[in-house]
Amino acid sequence: NYNNFNNYNNNYTRAGNWILAVRRDTDGIVLLRCLTRDEYAVLPDQIYGLPVIGIGDHAFAADAPIPDGGEIELIKISGGRISDARKSGDWILNAREKNDYNQAMRELLFPSGLRYIDSYAFYNCRELRKLRLYDGIAFRGGGIFMNCRELNQIEIIQERGDQGAAAYFAGEFNRELDMMILRPVPPRTPARSPDGEIPARYDGGGTEYEIKIRLIFPEYWELYEENSPAHHFDYGIEGAGYLYHHCFRDRKLNLIAYDGLWNRGEDAYQRPLPIKTALKLAWRRLYYPEELYQDAEKNYKDYIYFHAKDAAEWLIRERDLSGLAFLLSKIKPDREALSDAAELARRLNFTEAVALFLEAARGRNQKSVRDRFAL
């Protein structure tokens, strides 16, 4: 029984190819070694009808020794089918072949019933950039994501309300993190036809999710400076990001504390937020305004208005049409910013954005004419 992840990202329909060493525990399956060549990788929710509940130490470290023992099963998953990797010989790998695995993996979706991950589980997964996981996971031991230097996007599906995973990643990394918290969308009632029948084409399968919160946790630096006369190293922190990474209280995100850091960002820990980072941070809070109070909203709006040209360029290069519409309706950039944005969109052949900017300019011109006529 191999369950995949549906109705969230079409990239993942190509995933799900694994060579695994697994152990059956009393209440589920523990993954002891995991090898894949998938770029968008999805771990199975179930194996042999049992939920996948744990990921063992060094499970994704391709060069780690292959575990052995009578209770350990070596299996291959491909196209949703499970086979015996011992019989097929798929587990007979030399050192070079083993090192080829997990090196293409850029994104990974965890099983929905996963309970824990052990030490050094993702050691040396150097290309891993994005994780998608469910809340309620226990991170046991240290170095779980050691040498995962590209990992900077975390998406947490919040079904039980637990925010421990968000607190863990914010505390574990000092790099810039783009963190998204999603929640299930309540099932939609299908529209009925005039005769009262439910349309046959209605598809109610799968679970859909919506973004509840999306936050930027800026980078900060931990510095050690040699103090020769005292024969020790002095420890210091630079970067306003340190405060953002530590705005959790009892492992729960405190959005009031997060927003309250905005006015401290210019002088905290000697290094202000770069414009690009500050812009993304302000934008995420406005676009997903969970518990966003009026004063904080004004601070973010003022900043984006002052940097409207940079904001428009970022959204154009991301080809984010809905974001540009939000920018025009909520921030209302001035004429110069609109003109520059329209020219950039034209150069990049983003015709939908050009039309959006022209429509906004036309609306302002008409308003200006009406104002002059009223005078």
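Trainee: How many aromatic pairs does a search of the whole structure find?
Mentor: The search finds 22 aromatic pairs. Keep in mind that this is a predicted model.

Trainee: How are the rings of Y168 and F169 arranged?
Mentor: Y168 and F169 pair edge-to-face, with 5.2 Å from centre to centre and 80° between the planes.

Trainee: Are those two buried or exposed?
Mentor: Y168 is buried, at a relative accessible area of 14%. F169 is buried too, with a value of 0%.

Trainee: And which pair do Y244 and Y258 make?
Mentor: Y244 and Y258 are an edge-to-face pair, 5.0 Å centre to centre with 75° between the planes. Y244 belongs to helix α4 (residues 241–245) and Y258 to helix α5 (residues 255–260), so this pair ties together parts that are 14 residues apart in sequence.

Trainee: Why does Y258 count as buried?
Mentor: Because its relative accessibility is 0%, and the cut-off for buried is under 20%. Y244 is buried as well, with a relative accessible area of 1%.

Trainee: Which residues form the aromatic cluster?
Mentor: One cluster is formed by W18, F60, F110, F122, F139, F145, Y168, F169 and F173. The edge-to-face pair of Y168 and F169 belongs to that cluster.

Trainee: What about charges over rings, where does R140 sit?
Mentor: The charged end of R140 sits over the ring of Y116, 3.8 Å from the ring centre. R37 lies over the face of Y101, and there the distance to the ring centre is 4.1 Å.

Trainee: Switching to the nonpolar cores, which residues touch the most other members in the largest one?
Mentor: That core has 89 residues, and I55, F60, L108, F122, F145, F169 and F217 touch the most other members. Another core of eight residues lies apart from it, and includes I72, L74, A85 and Y116. As a general point, nonpolar side chains in soluble globular proteins tend to be buried together.

Trainee: How much of the chain is buried?
Mentor: Buried residues are 45% of the 375 in the protein chain.

Trainee: Now the sheet: what is the strand order?
Mentor: The six strands of this open sheet run in the order β3-β8-β10-β12-β13-β14, with mixed pairing. β3 (40–42) and β14 (209–217) are the edge strands, each pairing on one side only. From one strand to the next, the twist averages 15°.

Trainee: How many bridges join β10 to β12?
Mentor: Five bridges link β10 (residues 130–134) with β12 (residues 153–157), and the two strands run parallel. R132, for one, has E155 in β12 as its bridge partner.

Trainee: Which strands does helix α3 lie across?
Mentor: Helix α3 (residues 164–172) lies across β10, β12, β13 (177–184) and β14, and runs at about 175° to β13. Helix α6 (residues 275–287) also packs on the sheet, where it touches β13 and β14, and its direction makes about 150° with that of β14.

Trainee: I see a lysine in α6, K280. Is K280 buried or exposed?
Mentor: K280 counts as buried because its relative accessibility is 16%, and the limit is under 20%. Leaving aside neighbours within four places in sequence, K280 is in contact with E176, I216 and W314.

Trainee: Last one: how many helices and strands are in the chain?
Mentor: The protein chain has 11 helices and 18 strands.

Definitions and conventions: Residues numbered from 1 in each chain as written. Predicted model: local features only at pLDDT ≥ 70, side-chain atom pairs only at ≥ 80, totals over all residues. Heavy atoms only, no water. Pairing = 2+ DSSP bridges. Helix = DSSP H or I, 4+ residues; strand = E, 2+ residues; numbered from the N terminus. Axes fitted to C-alpha atoms, helices over the stretch in contact; angles between N-to-C directions. Contact = heavy atoms within 4.5 Å. Phe/Tyr/Trp six-rings, centres within 6.5 Å; stacked < 30°, edge-to-face > 60°. Buried < 20%, exposed > 50% of the residue type's maximum accessible area, 1.4 Å probe, protein only. Lys NZ or Arg CZ within 6 Å of the ring centre and 35° of its normal. Core = buried A, V, L, I, M, F, W, Y, C linked by side-chain atoms within 4.5 Å.
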